[in-house]
Amino acid sequence: MTTRSLNMALGLTALIATRPCMLHAEEVQANLKGSGEVVVAVDGGSYEAAFRKAFFEPFTRDTGIKVVTAQVDTGKLLTSVQLGQPDADLTSVTGGEFPTWVNRGSVQGIDYSLFSAETLNGIPEQLRDKNGVGALLYAAVIAFNTTKYPFDGNYPKSWADFYDAKKFPGKRGLPKCERVLAGGLFVGALLADGVPKDKLYPLDIDRALTKIQTLMPDVGRWWSGGAEAPQGLISGDSDITISFNGRISTAKSEGAPVGLTWEQSILQYDYWVIMKGTPNAENANKFLAYISQPKPQADFATAMHYGPVNKDAFKLLPKDLAADLPGSPAIADKQVFEDYTWWAGTQSDGRSNYDHALTRCVETLSQ
């Protein structure tokens, strides 16, 4: 199934699922209960707070297994796996990075026998890979400080606007090269340079980098962690930034003067993966089977405004929220779909397009 067909499937199921439905408490499967702990490497800030509320605390309450969190450090985590002593039991990776983790032998298979039949039926096939299960649907969006660019005025609505510092003056926020894929850095630059969304792939990396370089004098913050993008808008380091939709929605709900546009937002998804050689693989699988159920998925979407990977979660959400989430049919025509197949493809030297793009980005931008 391609990324486009996945999105269409998600959109159709979401449209059906948003009909009113009573919320019923779910019984915890006996095979998910246990003891000990599971160590989850997760990005911090509002992202971790939403995980804790929707996943970590309910999982511990219902299963007896303690969740311990560790800060994400990809290089350190991969090295620890190679040494046979993983620093964490599981983490989430982007759909584009996922094949690289698999090819490096850094992850182990998911035990889907622990998932209930109902849970598995609610997760699209593309998000039930043998080496990873869907974590969330999200979008890289154009976000801005609403004090400078109020919603009732003229605010940036396209990547062309984002790159037009004369029409929309102010400091920009861009993801560092390590987030070149998840942050939509190249896709946004090519759309700004006039490439139609159906002609993006294969990505013209040199053209994207040339466009990014034109904006570099106006960049106030290069961010790595997802929490840094809204922080930049709040602190004044940036007036307009690339960000993840959930981060902006959470900051806005907390009173921050931030907003976003769904126009030309870049739809993506993450996978949960279990580290190869972890001694807590059983607890890690129990954790994934638990949080993949509709109720935890709906709770996370409510807390963080990322799209649920279990389509049945849409039944548990208010209609207005369900219509304002990545993967929703209400905004499908505004979104640009990431092509993970291209990113995972290899070149003549055997390296992936992702690895080549990352190398070229660092060489050119030193970010």
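## Burial of V133

A residue is buried under 20% relative accessible area, exposed over 50% and partly exposed in between, with a 1.4 Å probe and protein chains only. V133 has a relative accessibility of 1%, so V133 counts as buried. V133 lies in strand β6, residues 132-145; strands (E, at least two residues) and helices (H or I, at least four) are DSSP runs numbered from the N terminus.

This is a predicted model: local features need pLDDT of at least 70, side-chain atom pairs count only at pLDDT 80 or more, and totals for chains, interfaces and linings use all residues. Residues are numbered from 1 along each chain as its sequence is written, and side-chain values use heavy atoms, without hydrogens and water.

## Surroundings of V133

Leaving aside residues up to four places away in sequence, V133 touches I110, Y112, F115, I123, L127, D270, Y271, W272, L288 and S292. Contact means heavy atoms within 4.5 Å. A284 is 151 residues from V133 along the chain, with 12 Å between their C-alpha atoms.

## Nonpolar cores

A nonpolar core is a set of buried Ala, Val, Leu, Ile, Met, Phe, Trp, Tyr and Cys residues joined through side-chain atoms within 4.5 Å. The largest has 97 residues, and F186, W272, F287, L288 and F300 have the most contacts inside it. Strand β6 supplies the largest share of this core, eight residues. Another core, of 11 residues, lies apart and includes A139, V141, L260 and I331.

## Helices α8 and α15

Helix α8 (residues 205-215) packs against helix α15 (residues 353-365) at about 35°, with axes 11 Å apart. Axes are lines fitted to C-alpha atoms over the stretch in contact, and angles run from 0 to 180 degrees between N-to-C directions. The contact involves I205, D206, L209, I212 and Q213 of α8 and A357, R360, C361, T364 and L365 of α15.
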